[in-house]
Amino acid sequence: MPFQFSKQEKLKSRSIIGDLFDKGLSLKQSPLKLIYAKIDPPLEPKIQFAVAVPKKSFKGAVERNRIKRLIREAYRLNKGEFFNNIEGSYALLFLYLGKEMPTFDTIEKPLISILENLINRTNEK
RNA sequence: UUUACAGGCGGCCUUAUCGCGCUUUAUCAAAUAAAGUGAGGAAAGUCCGGACACCGAAGUGCAGUAUAGCGGGUAACGCCCGUCGCCCAUGUGUUUAAUAUGGGAAGGACAAGUGCAACAGAAAGAAUGUACGGGUAAUGCCGUAGUGAAAUCAGGUAAACUCUAUACGGUGCAACGCCAUGUAAAUCAGUGUUUGAGGGUUGCACGCCCAAAUUGAAGGGUAGGCGGAUAGAACUUAGCGGUAACGCUAAGUCUAGAUAAAUGAUAAGGAAGCUCCAUUUAUGGAGUUACAGAAUCCGGCUUAUAGCCUGUAUUAAAC
RNA sequence: CGGGAUGUGGCGCAGUCUGGUAGCGCACACGGCUGGGGGCCGUGUGGUCGCAGGUUCAAAUCCUGUCAUCCCGA
């Protein structure tokens, strides 16, 4: 079941999200930015995921929803490749920093490269 | 065929591979499977009106806010319908008047009081001028001229204060109820109290309530979870009443309920409209297809909007 | 979801309550003082008063609608 993305995998806790902004580590690959942190004690689905698009860049709710859906889709299709055998529990938060409407391709490529970097970092430790 | 106005529809269809929310069924549960279902006319702005919920009195007075011909519709409204007067445009008529059609608008009161009117002008409210003409015994008086938006009339102005009539308790689903977690000030109930600072209660006043101590009881916050929460002033069709808004009756239908927030992604093909180009005048090629995403729920208003359909009026061309 | 404020020359502000002339500082242009710069002095340019409609003889000002920006509460 590598391509599913259910409700449980969404990062929902307000306090964890607040901590991410305070002391999370970040990886950037334009137009995306990933903020992540290792969570201890581990969460139930070990990897939890969230998306955010700033209201300042995109005023309309339709555009913001569209970008969030694209990012979520790209994450859903690629997460199995990276996280199936990972150690530890992580919270991930993707931010979209671009100013123009993306297509699926312009989302997927930087997302893959960010995930590769993330895996490399966690293995080094 | 052009333009304007009014009303309606409004990101289409198929296949493949993945995927999401909710409901029901199957399994002890979890996970899973199957079936069903899943954004709008504005879901938006939050400008009005309600439903619904709560408040230690939500009381009295003042203040404040809103509305404004008349009649009707409605749960209610500042919304909608009809109508009278007013204003504008066009046609007929034409010295004026009148009349037809269409459109517009917050349309009570200035003989209750207070205020305001730049510049110009003699004068803008306790003011009656100047010139010419008329008239008279003479003055008062009458007309014309000039300034100005308004000039002799106790005028104009209330989208000036104000007055009159009517309506309004306050706060809002982040209301409110419940569950789990559990340290202290704090809360609730009973007993009790003289003075009174102080505090609370709707902007103010009155009024009302609280307040030491002691006994007893159950809990509150803590970005957590559940309920509130989706069947309703609902929708569709038919008949009847009404100029209309709308109402009544009957039959049928079930029509989103998320919560860092579901309704999507990729690929291929197709249909229709519009624009541009080419020409064998009917085809080919290219481009484009809006505004925009439910968040307690309804009724309005306002704003955004490609294209299509219907109706009315109008313009031009051809026959 | 609820509440509040602000839009005026290039920039920062006053004027709005109480309607008739849009003003101040900085900046800009020209001239003067100086050998030159800075500084000071003088003169000048520059504003659909966010937008639309209405009331009025007359609107930055009053009324209605609308757009944008900012702030606050939970």
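Let's start inside the protein: Phe83 touches Ile47, Tyr75, Leu92, Leu115, Leu118 and Ile119, leaving out residues up to four places away in sequence; contact here means heavy atoms within 4.5 Å. This is a predicted model, in which local features need pLDDT of at least 70 and side-chain atom pairs count only at pLDDT 80 or more, while totals for chains, interfaces and linings use all residues. Residues are numbered from 1 along each chain as its sequence is written, chains are lettered from A and ligands numbered from 1 in the order in which they are written, and side-chain values use heavy atoms, with hydrogens and water left out.

**Overall layout**

- Chain A has three helices and four strands; helices (H or I, at least four residues) and strands (E, at least two) are DSSP runs, numbered from the N terminus.
- Read from the N terminus, the order of elements in chain A is α-β-β-β-α-β-α.
- Of the 125 residues in chain A, 42% are buried, where buried means under 20% relative accessible area, exposed means over 50%, and partly exposed lies in between (1.4 Å probe, protein chains only).
- Among contacts in chain A with a separation of 6 or more, 79% join residues 24 or more positions apart.
- Chain A exposes about 7900 Å², and carbon and sulfur atoms supply 49% of that area; accessible areas come from the Shrake-Rupley method with a 1.4 Å probe, and for residues only the protein chains shown count as cover.

**Nonpolar cores**

- In soluble globular proteins, nonpolar side chains tend to be buried together.
- The largest nonpolar core here has 28 residues, and Ile71, Phe83, Leu92 and Phe94 have the most contacts inside it; such a core is a set of buried Ala, Val, Leu, Ile, Met, Phe, Trp, Tyr and Cys residues joined through side-chain atoms within 4.5 Å.
- At least two residues of this core come from each of strand S2 (32–38), strand S3 (47–52), H2, strand S4 (90–96) and helix H3 (104–124).
- H2 gives the most to this core, with seven residues.
- Another core lies apart from it, with 10 residues that include Ile35, Ile39, Ala50 and Leu95.

**The surface near RNA strand B**

- RNA strand B is surrounded by 19 residues, the closest being Lys7, Lys10, Arg66, Arg69 and Arg76; a residue is near a molecule or strand if one of its heavy atoms lies within 4 Å of it.
- Sugar or phosphate accounts for 74% of the atoms of RNA strand B within 4 Å of the protein, and bases supply the rest.
- A polar backbone atom of Val62 is 3.3 Å from a phosphate oxygen of the RNA, a polar side-chain atom of Glu73 is 3.1 Å from a base nitrogen, and one of Arg76 is 2.7 Å from a sugar or linking oxygen.
- Helix H1 (14–23) and helix H2 (61–83) are the elements that give two or more residues to the surface near RNA strand B, and H2 gives the most, with nine residues.
- By class, this surface has eight nonpolar, three polar and eight charged residues; Ala, Val, Leu, Ile, Met, Phe, Trp, Tyr, Cys and Pro count as nonpolar, Asp, Glu, Lys and Arg as charged, and the others, Gly among them, as polar.

**Two residues of helix H2**

- Arg66 sits in helix H2 and is partly exposed, with a relative accessible area of 46%.
- The C-alpha atoms of Arg66 and Thr103 are 9.9 Å apart, although the two are 37 residues apart along the chain.
- Asn78 is also found in helix H2, but Asn78 is buried, with a relative accessible area of 7%.
- The side chain of Asn78 reaches the backbone oxygen of Ala74 at 2.8 Å.
- Beyond its neighbours within four places in sequence, Asn78 is in contact with Glu108, Leu111 and Ile112.

- Leu93 lies in strand S4 and counts as buried at 3% relative accessibility.
- Setting aside residues up to four places away in sequence, Leu93 touches Leu20, Phe21, Lys33, Leu34, Ile35, Ala50, Val51 and Ala52.
- Tyr36 belongs to strand S2 and is buried, with a relative accessible area of 3%.
- The side chain of Tyr36 makes a polar contact with the side chain of Arg121 at 3.4 Å; a polar contact is a pair of N or O atoms within 3.5 Å, and within protein one must be able to donate a hydrogen and the other to accept it, with residues adjacent in sequence counting only if both atoms are side-chain atoms.
- Tyr36 and Gly24 are 12 residues apart along the chain, with 5.4 Å between their C-alpha atoms.
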